[in-house]
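Here are a few friendly notes to read alongside the model. Keep the 3D view open and look for each residue as you go.

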Amino acid sequence: MKVIGVGDNVVDKYVYKKTMYPGGNALNFSVYAKQLGIEAAYLGVFGNDRAAEHIIATLKNLNVDISNCRQHEGENGFAAVDLVDGDRVFIGGNGGGVQMDHPIVLSSEDLEYIKSFDIAHSSIYSEMDSELNKLKESGILVSYDFSSDYNDELLAKNCSHIDISLLSCGQLAEEEVENLLKRAHSYGSKLVLGTMGSRGSIVYNGQSFYRQEPHFVQPVDTLGAGDSFFTAFILHYLSEKKENPEIQEATLLQNSMEEGAKFAAKTCLVEGAFGYGIPF
């Protein structure tokens with residue numbers, strides 16, 4: 001299996017300890033896949049500052065293919081993180097940095113390259129809504145993280161181009177989560193996953209809801225928990241479906257969610273999304 005993250009990358013700047021870590025939804029997907037033993041690539045836009053240099057060096061060190069990435073003069077994307085009442089919270093950023101002026105526009109060469117992978121994963125922070133139809137029309141499986149910045153209009157517009165949708169639902173009651181997942185499915189996504197933080201996660205496949213409790217650990221840092229859950233979930237789902245086509249869908253989804261919870265717990269024991277912090 002080969003997977004690719006297409007879209008956002010940032011450094012997460014922890015202002016209270018002056019340390020920055022590589023991150024971003026699409027980039028995290030590629031790195032977590034690599035950690036799980038899957039061949040992975042990343043396609044995104046880098047600046048040319050120290051943050052970009054650190055991300056590029058980290059991805060090369062991890063053997064994530066970045067051969068189709070773009071690089072432009074300017075500040076790389078960053079998100080600022082601080083401690084508020086003991087919890088890490090995002091307090092700002094630069095809106096994606098150079099990605100704002102140089103968004104990803106997928107060429108025919110890019111699409112031929114992407115078609116060599118089993119799944120492409122992007123996110124709402126990748127500024128790629130206008131490119132999702134290209135990914136879908138290329139025939140590749142498409143997954144997409146709406147995070148918590150979605151509304152009904154956005155879901156209706158994009159879910160028809162997305163096979164697997166991921167939504168952060170920690171702020172919603174469980175009945176609201178179920179209704180949200182049903183709506184996203186009705187707009188076109190075959191699988192819809194809602195993460196609810198310490199309350200676990202729910203998957204909807206158009207017929208049934210499947211629930212997963214988190215694996216509780218004493219977390220060092222919960223950043224990246226949702227990304228790592230999704231990565232382990234979808235990779236287990238796809239690989240098991242390919243290797244064992246007779247497996248029952250309910251069993252497959254439940255086993256995949258368990259793998260997601262297991263991997264997310266490990267991620268919570270690492271600083272930043274996946275480590276590699278340096279001073280800033």
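Predicted model: local features only at pLDDT ≥ 70, side-chain atom pairs only at ≥ 80, totals over all residues.

1. A polar contact of 2.9 Å joins its side chain to that of Asn 76. The side chain of Asn 9 also makes a polar contact with the side chain of Tyr 42, again listed at 2.9 Å.

2. Where does Asn 9 sit? You will find Asn 9 in the loop between strand 1 (2-6) and strand 2 (10-14). Asn 9 has a relative accessible area of 3%, and buried means under 20%, so Asn 9 is buried. Leaving out residues up to four places away in sequence, Asn 9 touches several others, including Gly 23, Leu 27, Val 45, Phe 46 and Ile 55.

3. Now for the rings: the structure holds 12 aromatic pairs. One of them is Tyr 32 with Phe 274, an edge-to-face pair with 6.4 Å centre to centre and 85° between the planes. Tyr 32 belongs to helix 1 (residues 25-35), while Phe 274 is in the loop between helix 9 (249-267) and strand 15 (278-279), so this pair ties together parts 242 residues apart in sequence. Tyr 32 is buried at 1% relative accessibility, and Phe 274 is buried at 6%.

4. Compare that with Tyr 204 and Phe 209, a stacked pair: 4.5 Å centre to centre, with 25° between the planes. Here Tyr 204 is buried at 9% relative accessibility, whereas Phe 209 is partly exposed at 21%.

5. Finally, look for lysines over rings. The charged end of Lys 2 sits over the ring of Phe 117, 4.6 Å from its centre. Lys 13 lies over the face of Phe 78, at 4.4 Å from the ring centre.

Technical notes:
Residues numbered from 1 in each chain as written. Heavy atoms only, no water. Helix = DSSP H or I, 4+ residues; strand = E, 2+ residues; numbered from the N terminus. Buried < 20%, exposed > 50% of the residue type's maximum accessible area, 1.4 Å probe, protein only. Polar contact = N/O pair within 3.5 Å; in protein donor to acceptor, adjacent residues only side chain to side chain. Contact = heavy atoms within 4.5 Å. Phe/Tyr/Trp six-rings, centres within 6.5 Å; stacked < 30°, edge-to-face > 60°. Lys NZ or Arg CZ within 6 Å of the ring centre and 35° of its normal.
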